[in-house]
Amino acid sequence: MKFYVDQTLGKLIKWLRLLGFDTVQVQLSPKDLAQLPPWKPGVYVLTKQTSWPARRQRPDLLILTSQDPEDQLAEICQRLSLPPDTWQPLQRCSDCNLPLQPLPPDQLEDRVPDYIAVRHQQFFECPQCQRVFWEGSHQRRIRRRLEELSHRQTPR
Ligand SMILES: [Zn+2]
């Protein structure tokens, strides 16, 4: 699965990458259909622009109605049926969109604060920007919120 996200949804890009989705930022204008990436199964174009003419809408074009990035994530997961077991958190750099590589704790050196190094066992590194990732409170919060939402969708 791959997402093209337009300029109206800037903050959403990082969150999608944090959940492991291949996410590319694009500049889109409803006036120029040629800007849309070619249609392919499993590839979606996300925008908040409501001015897309109906005849230009395609099954892969999702016009989101939510304002908050977390609500937008929840909206995508609902509309595309992406339950938590389809997410792959900590697998992609939220800045570079590249797959992360495991970083053994003994190679951390001084790359994270001590209180983080003692509290976590698993670390990952981006091969491009060399940023170190771990299961932090931001990721936990977003996962918890989306898991709550997915439970609400399927009452037991
Ligand atoms: Zn990176």
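**Exercise 1.** In what order do the elements of the protein run from the N terminus on?

*Solution.* This is a predicted model: local features need pLDDT of at least 70, side-chain atom pairs count only at pLDDT 80 or more, and totals for chains, interfaces and linings use all residues. Residues are numbered from 1 along each chain as its sequence is written. Take the DSSP runs: helices are H or I with at least four residues, strands are E with at least two, numbered from the N terminus. The order is β-α-β-β-β-α-β-α-β-β-α. That gives four helices and seven strands.

**Exercise 2.** Classify alanine 34 as buried or exposed.

*Solution.* Locate the residue. Alanine 34 sits in the loop between strand S2 (22-26) and strand S3 (43-47). Apply the cut-offs: buried means 20 or more other C-beta atoms within 10 Å of the residue's own, exposed means 12 or fewer, partly exposed lies in between, and C-beta atoms are placed from the backbone. Alanine 34 has 4 other C-beta atoms within 10 Å, so it is exposed. Buried residues make up 22% of the 156 residues in the protein.

**Exercise 3.** Describe how helix H1 packs with helix H2.

*Solution.* Two packed helices are described by the angle between their axes and the distance between the axes. Axes are lines fitted to C-alpha atoms, for helices over the stretch in contact; angles run from 0 to 180 degrees between N-to-C directions. Contact requires C-beta atoms, placed from the backbone, within 7 Å. H1 (residues 10-18) and H2 (residues 69-79) pack at about 60°, with axes 9 Å apart. The contact is made by Lys11, Leu12 and Trp15 of H1 and Pro69, Gln72 and Leu73 of H2.

Definitions and conventions: Two residues are in contact if their C-beta atoms, placed from the backbone, lie within 7 Å.
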